[in-house]
Amino acid sequence: MAATVSLSSTFDTHPHHCPYPYPNPYHNHIAHSRLHHTPYFNTSPPNPKHPLPLQLKSRCYRLVLPLSSSSDSPSSTSSFFQEPLRTGRFMSNEELEKLRVLENFSYSHEFEFGSMSVRVMRPDEIDITADLLAESFAKSLLLPLGYVKLLAYLVKQYLIERRALMPHTATLVGFYKGVDGEEEEEQLAGTVEVSFNKRGANASPPTPTPPKDSPYICNMTVREPLRRRGIGWNLLKASEELISQLSLRRDVYLHCRMIDVAPFNMYAKAGYKTVKTDSILVLLTLQRRKHLMCKKLPVLDNPSEIYLSSPDEALHE
């Protein structure tokens, strides 16, 4: 599965079906992959002379600062805070509550020959997620294997930058575990990125440009040996569940390349409709033409009630 890639480095790729901002490794479902590699900040952790406690209350705001050691943080502090975001910015109580929602988010699905679980990417999973995206991205661009390491480095910087924007955006990772001798060890199966509002929107989204204040799904990819099992379908469903919990906007957008028929059909079955298509002139920029697709999520009392038909109908990933 793929989404629109938007890393910070003027690489314009075309992953597979899901629109996402960095190299989308999954088969031909990456709708558009735009690699933007321009790290917005130094990825090395800051070393303040006088480390401050994790949470500094200032009325309704708290300053999220890096910690010198795990012992500096209160026992009640979430793992997201224990792994500092290093943004150095004040966060409102609403933002902190959304961080807790991200930390506790969990989605699972049972297949006939295995199971899948989806959660927000953890700091120690950045490297394997970047490698997965870089491999898929390189294949979609027909690049030599020698470029994979470079792409992985660029994607990693992108993932670090995006993680610093939580809770306005989040990268989800899906893990698959087989049964009866089939991939019995849990392994990273796929990933997808979700932005919830304008503050989490990518600075340079692919065309046709989606509204920045609406939720956007991108950079979806599935590990090649595990495709066509419904993993991409469930990554999409998990994304919609999380959007229902963290965004008041019901209109969700994503991109799909015109040449990616299977992903397009999957999105259509999930309820997404084409709202705009790239002009043929976009070919002059060496990009593939893409559809901008949109779905209006239902207002549900329980977000887990989101229904995407049957995953068997969309075994593309």
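Does Thr274 count as buried, partly exposed or exposed, and at what relative accessibility? In this predicted model, Thr274 has a relative accessibility of 37% and therefore counts as partly exposed. The value falls between the two cut-offs, because buried means under 20% and exposed means over 50%.

Thr274 belongs to strand β13, which covers residues 273-277. When its neighbours within four places in sequence are left aside, the residues in contact with Thr274 are Phe264, His291, Leu292 and Met293. A distance of 9.1 Å separates the C-alpha atom of Thr274 from that of Lys295, and these two residues are 21 apart along the chain.

## The chain as a whole

The chain has 317 residues, of which 55% are buried. Its secondary structure consists of six helices and 14 strands. Among the contacts with a separation of 6 or more, 69% are between residues 24 or more positions apart.

## Helix α6

Which residues of helix α6 are buried? In this helix, formed by residues 261-269, they are Pro263, Met266 and Tyr267. Viewed down the axis of α6, the buried residues lie within an arc of 95 degrees, so they line one face of the helix.

After α6 comes Gly271, which has a positive phi, near 105 degrees.

## The packing of α2 and α5

Helix α5 also takes part in a helix pair. How do helix α2 and helix α5 pack, and at what angle? Helix α2 comprises residues 93-104 and helix α5 comprises residues 231-246; they pack at an angle of about 155 degrees, and their axes are 11 Å apart. Because of this angle, α2 is roughly antiparallel to α5, a term that applies to angles over 145 degrees. The crossing in which α2 passes α5 is right-handed.

On the α2 side, the contact is made by Lys98, Val101 and Leu102, while α5 contributes Leu242, Gln245 and Leu246. Sorted by class, the residues in this contact of α2 with α5 are four nonpolar, one polar and one charged.

Conventions:
Residues numbered from 1 in each chain as written. Predicted model: local features only at pLDDT ≥ 70, side-chain atom pairs only at ≥ 80, totals over all residues. Heavy atoms only, no water. Axes fitted to C-alpha atoms, helices over the stretch in contact; angles between N-to-C directions. Helix = DSSP H or I, 4+ residues; strand = E, 2+ residues; numbered from the N terminus. Parallel < 35°, antiparallel > 145°, perpendicular 65-115°, else oblique. Left-handed = near helix turned anticlockwise from the far one by under 90°. Contact = heavy atoms within 4.5 Å. Nonpolar A, V, L, I, M, F, W, Y, C, P; charged D, E, K, R; others polar. Buried < 20%, exposed > 50% of the residue type's maximum accessible area, 1.4 Å probe, protein only. Arc of directions from axis to C-beta.
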